[in-house]
Amino acid sequence: MPKLSMKQRYSVLTRDLDWEPSYVDEEELFPHATFEGIKIHDWSKWEDPFRLTVDSYYKYQAEKDRRLYAVLDSFAQSQGHLSLSDASYLNAMKLFLQGVTPLEYQAHRHFAYLGRHLKGGGPRFAAICQSIDELRHAQTEIHTLSGYNKHYSGFHGFSRMHDRVWYLSVPKSFFDDAVSAGPFEFLTAISFSFEYLLTNLLFVPFMSGASFNGDLPTMTFGFSAQSDESRHMTLGLESIKFMLEQDEGNVPIVQDWIDKWFWRSYRVTALVASMMDYQLPRRVMSWKEAFELYFEQQMLEGLFPDLSYYGINPPRHVQQAVDEKDLLSHQVYWTLFSFGFAAGFTTSIPHDDHLEWLSANYPDTFDNLYRPQWEKARRIREGGGRFFFQGLPQLCQTCQIPMIFTEPGSPTVIAQRWSEHRGEKFNFCSDGCKWIFDREPEKYVQAWMPVHQIYQGNCGGPTVPEVLAWYGLEEGDGGEYEGSVDQRNWQHWHEAQLSEVASR
Amino acid sequence: MPDEHHVRDRGGPNLQYELRQQVIEARRQTFDHLIERLGDRPATRYEEGTIAVQAEEHFHYRPLWAPDRELYDRRYSELRLTDPYSFLDPRQYYYYPYVSARATLHAELSATLAYLEQRDLLAKMPEAWRTGLLEGVLPLRHYEAGAAMASEAACRFSYGASVAQCAAFAGFDRIGAAQMLSRIGLSLDGSTADSLRAAKQHWLTSSSWQPLRRYVEELLVIDDWAVGLVAVDLVDSLTYPVVWRSLDEAALTGGAGAYSLLGQHFTAWYEDQRKWLDALYAAWLADPEQGKANASVLLGIVDAWLPRAREAVSLFSGPLRLAAGDALLDAVIDAAYAEVTERLATLGLEPAHVGAGR
């Protein structure tokens, strides 16, 4: 027999470990493999998206983490946090730790589910690699941001906050939606829609934001996660192609899932949009520019023409996402600003130069639609106040974002859609979210809606302070940045330093 | 387009240096969920990366594949911990120390294989040991792959990040062990994979391997992650000591130094694996509310699976008899079995079958 090729060797080390059971039924061994309607005729046709044996995996990953932790240690020792662009930069990282890190953790657990329940040995191995990669990401993010937690507000209760706080039910319900689905839908949701279609929109802004704002640890984490992410992306693409190639009947099912998960993922990125345009002291690029580059060019013009070969169309409702790229970040940040008293990060009125930047980047919308809001907020501040919205917002039953988005083509009219299910009325922010609900109403009526829960008395009590205490929020975590605990400390640390130098 | 307007001017490099000298008192040492448990002291990276990291409340939707359960739910097993973090990994493995430790393990195996290949020591093994390795050991790569699936189920369905994390590492370890065995096979057959094809046939058809294959397939269809984990551990508890640790001396004196050199890596892994599993058994049994129920569930699992594990190991190790001798093999199986039952007895679990096989 000839020696094995690299591909054969990899196959011998991974999928060849698999065997067909004879003491139990295959359906019994893989009970979740068929209920979604996806038909796989030949698992051996799976093309391994990457070839990494266990020994190389350990070697590369250990080396990457050795470097990362060395950076974390030296940053902590040298009080590196004082070299950030500004303490307000950390608001982006607070949102990241509260909203994204717990999703990495969920991915860790649920890729293990794929490592158990996918029928093919090849994809199972890819899934277990991703399972421990995701644990790596969750843990390195916690360790990276743990240094800031010692000195700044908003980080300290991220785990409980993720389970309780209103705006965090947006990412949480998104991931719960994927995890509660079957294995093939989960692959489409997370590996393809989230990790492939939108990953650049999700991670690049945070990581570039970190590098522009002096956050060396997060930047290092981002770089070191990149090679993991590229494996995850190829897994997402291979999963989709594999399903589409295996059976023609899979095409409409996968199309439906892409339609659902594009919109579901896109709504989660609304938080990223507001972070990019409003929360970074040194901005990298606008949401609009990022959306055009990473989504319109790379995905709509790059990927989807390729997928049309399989009979896959661009996601339903994608045009609405394109149309609202001039509006999205402004609508979301204004909401976070208005309800900022109940958040785990601070918000503030953009400074003059920031307003100019927004005008320049959003020439069609900012000056006529959003600048007046900020001017009003300024007048209130000049009178010694701070604008906050009184009361609680109505949430979309699907994405759980407050109903703040506007009618397509009418940027001053709030969109409102509704459906009736078993005699009850449910509200949605958009056609996309209504369409998703109408496909699976029995699922979405289960949602733990933070505002409903407050009204039902399940969140610590009827008053705002009681709810905030139940969220685990302390003074300085939310509200206005100007004059906040973080800002006062930041000024104090830097002034102390300046006077020390001056006295020499 | 970076905007530097309200970035503070902090002066030149001199100031940077000075900043580093400033002592800033920490507002808190760690996160709330750790402070509540451990007090406001600096937490280890293991603690920060593990404790209370899994979501515990307000799951939005029931799983389509288990509509009567929550996404994370103690009811995925009969074995339960009131406080999931009453179990912590004594090795304190989070991702980084885990991959570092395993990078070393695999580098050491590679060094051994390189050494053996350079000196052609695998080929020079006495025929009986070579056959023993090919027919009585290599098919374990499939057992390891099955055990990986059981570990992945434990990672997904266990409750709390500390157990799930150990299970995830163990699952990855299993694929690692399967690859270690496969690489030995490739060394033996000159990278043609003939030995691995033959090993798969043994796994699928040889009567000596069928009890173990049946055992694995049957434990995988049990809808309780902990049963799978414990049942695999019972096989491990016999397999690793019998196949690797206890035959070391016989291999050395029998001229199969290669067998002994390889065995050290598997024995090292097994000793590491024992640490967290023993701690998990202890936590299950010490649980203030669930301890008694856990003891009875564990005993049930042991009674159902340990005799089968013993039978499976006695049979698949058959090909090693020619190399090691019947008397020795019987003795090491008895010894390994006694070790398991003693360990269980120390935990307060007396299996019904103790002594029955002697």
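Two residues are in contact here if their C-beta atoms, placed from the backbone, lie within 7 Å, while helices (H or I, at least four residues) and strands (E, at least two) are DSSP runs numbered from the N terminus. The model is predicted, so that local features need pLDDT of at least 70 and side-chain atom pairs count only at pLDDT 80 or more, whereas totals for chains, interfaces and linings use all residues. Residues are numbered from 1 along each chain as its sequence is written, and chains are lettered from A and ligands numbered from 1 in the order in which they are written.

In helix 5 (residues 127–136) of chain B, the buried residues (20 or more other C-beta atoms within 10 Å of their own, placed from the backbone) are B:Trp129, B:Gly132, B:Leu133, B:Leu134, B:Glu135 and B:Gly136. Among the elements of chain B that cover these buried residues are the following helices.

| Helix of chain B | Residues |
|---|---|
| helix 7 | 161–188 |
| helix 8 | 194–205 |
| helix 12 | 257–286 |
| helix 13 | 291–316 |

Leaving aside residues up to four places away in sequence, B:Ala168 touches residues including A:His108, A:Ala112 and B:Cys155.

The contact between the chains takes 88 residues from chain A and 82 residues from chain B, and helix 5 (residues 121–149) of chain A supplies the largest share of chain A's side, 12 residues.

How values were computed: A residue is buried if 20 or more other C-beta atoms lie within 10 Å of its own, exposed if 12 or fewer, and partly exposed in between; C-beta atoms are placed from the backbone.
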